[in-house]
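User: I am new to reading protein models. Could you walk me through this one, feature by feature?

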Amino acid sequence: MRQSDIAYTKIKEMIKTRQFKPGEALPEQQLCDLLNMSRTPVREALSRLQNDHAVISFPHSGSYVAQMDIFKLREVFVAREAAEGMIARLNCRDYLCVDEHRRLRDNFLWAASQDTDPEIDKFVDRTDFAMRDLLYRYCENKTLVRFCNELLSQITIHVHVTQAIKKFPIESIQEHVSILNAILQKDGDAAETATRRHLQRSFLRTFESLRAQGDYL
(Lines give C-alpha, C1' and ligand atoms only; values in the text may rest on other atoms or scores of the structure.)
Protein backbone atom coordinates (compact mmCIF):
# COMPACT_ATOMS: atom_id res chain seq x y z
CA MET A 1 0.00 0.00 0.00
CA ARG A 2 1.27 3.48 -0.87
CA GLN A 3 2.10 5.90 1.92
CA SER A 4 -0.57 8.30 0.68
CA ASP A 5 -3.17 5.51 0.98
CA ILE A 6 -2.06 4.79 4.55
CA ALA A 7 -2.17 8.50 5.38
CA TYR A 8 -5.65 8.81 3.85
CA THR A 9 -7.00 5.89 5.91
CA LYS A 10 -5.44 7.07 9.18
CA ILE A 11 -6.43 10.74 8.85
CA LYS A 12 -9.96 9.69 7.90
CA GLU A 13 -10.12 7.55 11.05
CA MET A 14 -8.86 10.47 13.16
CA ILE A 15 -11.73 12.57 11.81
CA LYS A 16 -14.31 9.83 12.39
CA THR A 17 -13.16 9.34 15.98
CA ARG A 18 -13.10 13.12 16.51
CA GLN A 19 -9.40 13.28 17.27
CA PHE A 20 -9.80 16.28 15.00
CA LYS A 21 -13.25 17.84 15.40
CA PRO A 22 -15.43 19.66 12.81
CA GLY A 23 -13.94 23.07 12.03
CA GLU A 24 -10.58 22.20 13.59
CA ALA A 25 -7.32 22.76 11.73
CA LEU A 26 -5.34 19.83 10.33
CA PRO A 27 -1.73 21.12 10.54
CA GLU A 28 0.44 19.34 8.00
CA GLN A 29 3.47 19.17 10.27
CA GLN A 30 1.44 17.71 13.12
CA LEU A 31 0.00 15.06 10.79
CA CYS A 32 3.47 14.28 9.47
CA ASP A 33 4.70 13.79 13.03
CA LEU A 34 1.70 11.64 13.99
CA LEU A 35 2.03 9.46 10.90
CA ASN A 36 5.83 9.54 10.71
CA MET A 37 5.64 10.57 7.05
CA SER A 38 6.86 13.33 4.79
CA ARG A 39 4.57 16.13 3.60
CA THR A 40 3.93 14.69 0.12
CA PRO A 41 1.77 11.66 1.10
CA VAL A 42 0.01 13.73 3.75
CA ARG A 43 -0.88 16.40 1.20
CA GLU A 44 -2.13 13.74 -1.22
CA ALA A 45 -4.28 12.25 1.55
CA LEU A 46 -5.73 15.66 2.45
CA SER A 47 -6.55 16.26 -1.21
CA ARG A 48 -8.48 12.97 -1.37
CA LEU A 49 -10.32 13.81 1.84
CA GLN A 50 -11.27 17.14 0.33
CA ASN A 51 -12.82 15.26 -2.59
CA ASP A 52 -14.73 13.21 0.02
CA HIS A 53 -16.05 16.48 1.52
CA ALA A 54 -14.42 15.56 4.84
CA VAL A 55 -11.79 18.30 4.60
CA ILE A 56 -11.76 21.86 3.30
CA SER A 57 -8.58 23.69 2.28
CA PHE A 58 -7.80 27.37 1.87
CA PRO A 59 -4.79 28.93 0.10
CA HIS A 60 -2.14 30.11 2.59
CA SER A 61 -4.34 28.93 5.47
CA GLY A 62 -4.23 25.14 5.38
CA SER A 63 -6.74 22.34 5.79
CA TYR A 64 -9.63 21.98 8.24
CA VAL A 65 -12.12 19.28 9.13
CA ALA A 66 -15.29 20.10 7.22
CA GLN A 67 -18.28 21.30 9.21
CA MET A 68 -21.71 20.04 8.33
CA ASP A 69 -23.36 21.81 5.41
CA ILE A 70 -26.94 20.65 5.91
CA PHE A 71 -28.04 21.92 2.50
CA LYS A 72 -25.33 19.92 0.75
CA LEU A 73 -26.24 16.86 2.79
CA ARG A 74 -29.88 17.27 1.73
CA GLU A 75 -28.83 17.41 -1.91
CA VAL A 76 -26.88 14.18 -1.53
CA PHE A 77 -29.83 12.44 0.15
CA VAL A 78 -32.18 13.54 -2.64
CA ALA A 79 -29.80 12.24 -5.30
CA ARG A 80 -29.37 8.97 -3.44
CA GLU A 81 -33.13 8.68 -3.03
CA ALA A 82 -33.60 8.68 -6.81
CA ALA A 83 -30.67 6.35 -7.52
CA GLU A 84 -31.41 3.84 -4.74
CA GLY A 85 -35.08 3.84 -5.71
CA MET A 86 -34.14 2.75 -9.22
CA ILE A 87 -31.82 0.07 -7.84
CA ALA A 88 -34.67 -1.35 -5.74
CA ARG A 89 -36.92 -1.34 -8.80
CA LEU A 90 -34.31 -3.21 -10.86
CA ASN A 91 -34.17 -5.90 -8.16
CA CYS A 92 -37.81 -6.70 -8.93
CA ARG A 93 -37.22 -8.08 -12.42
CA ASP A 94 -38.99 -11.40 -12.93
CA TYR A 95 -35.94 -13.50 -13.75
CA LEU A 96 -34.02 -12.61 -10.57
CA CYS A 97 -33.92 -15.10 -7.70
CA VAL A 98 -34.92 -13.49 -4.40
CA ASP A 99 -33.82 -16.19 -1.93
CA GLU A 100 -31.07 -13.95 -0.53
CA HIS A 101 -33.51 -11.05 -0.21
CA ARG A 102 -35.84 -13.30 1.82
CA ARG A 103 -33.01 -14.35 4.13
CA LEU A 104 -32.07 -10.72 4.78
CA ARG A 105 -35.72 -9.80 5.38
CA ASP A 106 -35.94 -12.56 7.97
CA ASN A 107 -32.71 -11.31 9.61
CA PHE A 108 -34.19 -7.83 9.96
CA LEU A 109 -37.41 -9.24 11.41
CA TRP A 110 -35.41 -11.23 13.97
CA ALA A 111 -33.38 -8.13 14.86
CA ALA A 112 -36.55 -6.12 15.43
CA SER A 113 -37.64 -8.68 18.02
CA GLN A 114 -34.29 -8.38 19.84
CA ASP A 115 -34.27 -4.59 20.25
CA THR A 116 -33.24 -4.73 23.93
CA ASP A 117 -30.04 -6.66 23.13
CA PRO A 118 -27.12 -4.17 23.32
CA GLU A 119 -25.20 -6.15 20.69
CA ILE A 120 -28.01 -6.11 18.13
CA ASP A 121 -26.78 -2.92 16.44
CA LYS A 122 -23.69 -4.71 15.17
CA PHE A 123 -25.83 -7.46 13.67
CA VAL A 124 -28.15 -4.91 12.04
CA ASP A 125 -25.20 -2.95 10.66
CA ARG A 126 -23.86 -6.14 9.04
CA THR A 127 -27.30 -7.00 7.66
CA ASP A 128 -27.72 -3.45 6.32
CA PHE A 129 -24.36 -3.70 4.56
CA ALA A 130 -25.28 -7.13 3.16
CA MET A 131 -28.59 -5.78 1.86
CA ARG A 132 -26.93 -2.85 0.12
CA ASP A 133 -24.33 -5.15 -1.43
CA LEU A 134 -27.04 -7.55 -2.61
CA LEU A 135 -29.22 -4.86 -4.16
CA TYR A 136 -26.23 -3.27 -5.88
CA ARG A 137 -25.17 -6.62 -7.37
CA TYR A 138 -28.65 -7.60 -8.52
CA CYS A 139 -29.41 -4.27 -10.20
CA GLU A 140 -26.76 -5.19 -12.82
CA ASN A 141 -25.88 -1.57 -13.54
CA LYS A 142 -22.28 -0.65 -12.71
CA THR A 143 -22.72 3.04 -13.55
CA LEU A 144 -25.64 3.36 -11.15
CA VAL A 145 -23.75 1.49 -8.43
CA ARG A 146 -20.66 3.68 -8.84
CA PHE A 147 -22.81 6.81 -8.52
CA CYS A 148 -24.52 5.46 -5.39
CA ASN A 149 -21.19 4.57 -3.79
CA GLU A 150 -19.94 8.12 -4.35
CA LEU A 151 -23.06 9.53 -2.71
CA LEU A 152 -22.89 7.05 0.16
CA SER A 153 -19.26 7.97 0.80
CA GLN A 154 -20.26 11.62 1.28
CA ILE A 155 -23.10 10.73 3.64
CA THR A 156 -20.96 8.31 5.65
CA ILE A 157 -18.23 10.90 6.14
CA HIS A 158 -20.70 13.50 7.40
CA VAL A 159 -22.56 11.15 9.71
CA HIS A 160 -19.33 9.74 11.18
CA VAL A 161 -17.81 13.18 11.62
CA THR A 162 -20.73 14.26 13.75
CA GLN A 163 -21.59 10.84 15.21
CA ALA A 164 -25.15 11.76 14.23
CA ILE A 165 -26.82 8.36 14.59
CA LYS A 166 -25.56 6.39 17.58
CA LYS A 167 -28.10 3.56 17.39
CA PHE A 168 -29.80 1.83 14.47
CA PRO A 169 -33.43 3.03 14.84
CA ILE A 170 -36.15 0.37 15.05
CA GLU A 171 -38.21 2.28 12.49
CA SER A 172 -35.31 2.02 10.04
CA ILE A 173 -35.33 -1.76 10.45
CA GLN A 174 -39.03 -1.78 9.62
CA GLU A 175 -38.36 0.37 6.55
CA HIS A 176 -35.76 -2.13 5.32
CA VAL A 177 -38.32 -4.92 5.77
CA SER A 178 -40.83 -2.97 3.66
CA ILE A 179 -38.31 -2.59 0.84
CA LEU A 180 -37.44 -6.28 0.88
CA ASN A 181 -41.10 -7.34 1.07
CA ALA A 182 -41.83 -5.31 -2.07
CA ILE A 183 -38.89 -6.95 -3.86
CA LEU A 184 -40.08 -10.40 -2.79
CA GLN A 185 -43.45 -9.56 -4.32
CA LYS A 186 -41.73 -8.31 -7.50
CA ASP A 187 -43.51 -4.98 -7.09
CA GLY A 188 -41.18 -2.39 -8.60
CA ASP A 189 -43.41 0.59 -7.80
CA ALA A 190 -43.70 -0.41 -4.15
CA ALA A 191 -39.96 -1.16 -3.86
CA GLU A 192 -39.00 2.24 -5.25
CA THR A 193 -41.57 4.05 -3.10
CA ALA A 194 -40.43 2.23 0.06
CA THR A 195 -36.79 3.04 -0.69
CA ARG A 196 -37.51 6.72 -1.28
CA ARG A 197 -39.58 6.90 1.91
CA HIS A 198 -36.78 5.24 3.89
CA LEU A 199 -34.17 7.73 2.66
CA GLN A 200 -36.47 10.69 3.28
CA ARG A 201 -36.97 9.54 6.86
CA SER A 202 -33.29 8.73 7.21
CA PHE A 203 -32.42 12.31 6.28
CA LEU A 204 -34.90 13.66 8.85
CA ARG A 205 -33.47 11.41 11.58
CA THR A 206 -29.95 12.55 10.72
CA PHE A 207 -31.00 16.21 10.58
CA GLU A 208 -32.69 16.07 13.99
CA SER A 209 -29.60 14.48 15.55
CA LEU A 210 -27.31 17.07 13.97
CA ARG A 211 -29.53 19.92 15.09
CA ALA A 212 -29.49 18.62 18.65
CA GLN A 213 -25.69 18.54 18.58
CA GLY A 214 -25.35 21.94 16.89
CA ASP A 215 -22.76 20.33 14.63
CA TYR A 216 -23.71 21.72 11.24
CA LEU A 217 -23.58 24.96 9.26
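**A buried ring and its partners**

Analyst: F203 is buried, with a relative accessible area of 9%. Buried means under 20% relative accessible area, exposed means over 50%, and partly exposed lies in between (1.4 Å probe, protein chains only). Keep in mind that this is a predicted model: local features need pLDDT of at least 70, side-chain atom pairs count only at pLDDT 80 or more, and totals for chains, interfaces and linings use all residues. Residues are numbered from 1 along each chain as its sequence is written, and side-chain values use heavy atoms, with hydrogens and water left out.

User: How do I read a pair of aromatic rings, and how many aromatic pairs are there?

Analyst: A pair of aromatic rings is described by the distance of the centres and the angle of the planes. Rings of Phe, Tyr and Trp (its six-membered ring) pair if their centres lie within 6.5 Å; planes under 30 degrees apart count as stacked, over 60 as edge-to-face and the rest as tilted. By this rule there are 4 aromatic pairs. One of them joins F77 and F203: it is edge-to-face, 5.4 Å centre to centre, with 65° between the planes. F77 sits in helix α4 (residues 70-90) and F203 in helix α9 (residues 188-213), 126 residues apart, so the pair links distant parts of the chain. F77 is buried as well, with a relative accessible area of 2%. Ring pairs also bring in F207, giving a cluster of F77, F203 and F207.

User: Which elements does the protein have, and in what order do they run?

Analyst: Helices (H or I, at least four residues) and strands (E, at least two) are DSSP runs, numbered from the N terminus. The protein has 9 helices and 2 strands. From the N terminus on, the order is α-α-α-β-β-α-α-α-α-α-α. Of the 217 residues, 45% are buried.

User: At what angle do helices α1 and α2 pack?

Analyst: Axes are lines fitted to C-alpha atoms, for helices over the stretch in contact, and angles run from 0 to 180 degrees between N-to-C directions. Helix α1 (residues 3-16) and helix α2 (residues 28-35) pack at about 110°, with axes 11 Å apart. That makes α1 roughly perpendicular to α2. Angles under 35 degrees count as roughly parallel, over 145 as roughly antiparallel, 65 to 115 as roughly perpendicular and the rest as oblique. On the α1 side, A7, K10, I11 and M14 meet L31, L34 and L35 of α2. Contact means heavy atoms within 4.5 Å.

User: What does A111 touch?

Analyst: A111 lies in helix α5 (residues 99-112). Leaving out residues up to four places away in sequence, A111 touches I120, F123, V124 and I173. The C-alpha atoms of A111 and I173 are 8.0 Å apart, though 62 residues separate them along the chain. A111 is buried, at 2% relative accessibility.

User: How many disulfides does the structure hold?

Analyst: A disulfide is a covalent bond between the sulfur atoms of two cysteines. Here it is a pair of cysteine sulfur atoms within 2.5 Å. The structure holds 0 disulfides. C148 is in none: the nearest cysteine sulfur, that of C139, is 7.6 Å away. C148 is buried, with a relative accessible area of 0%.
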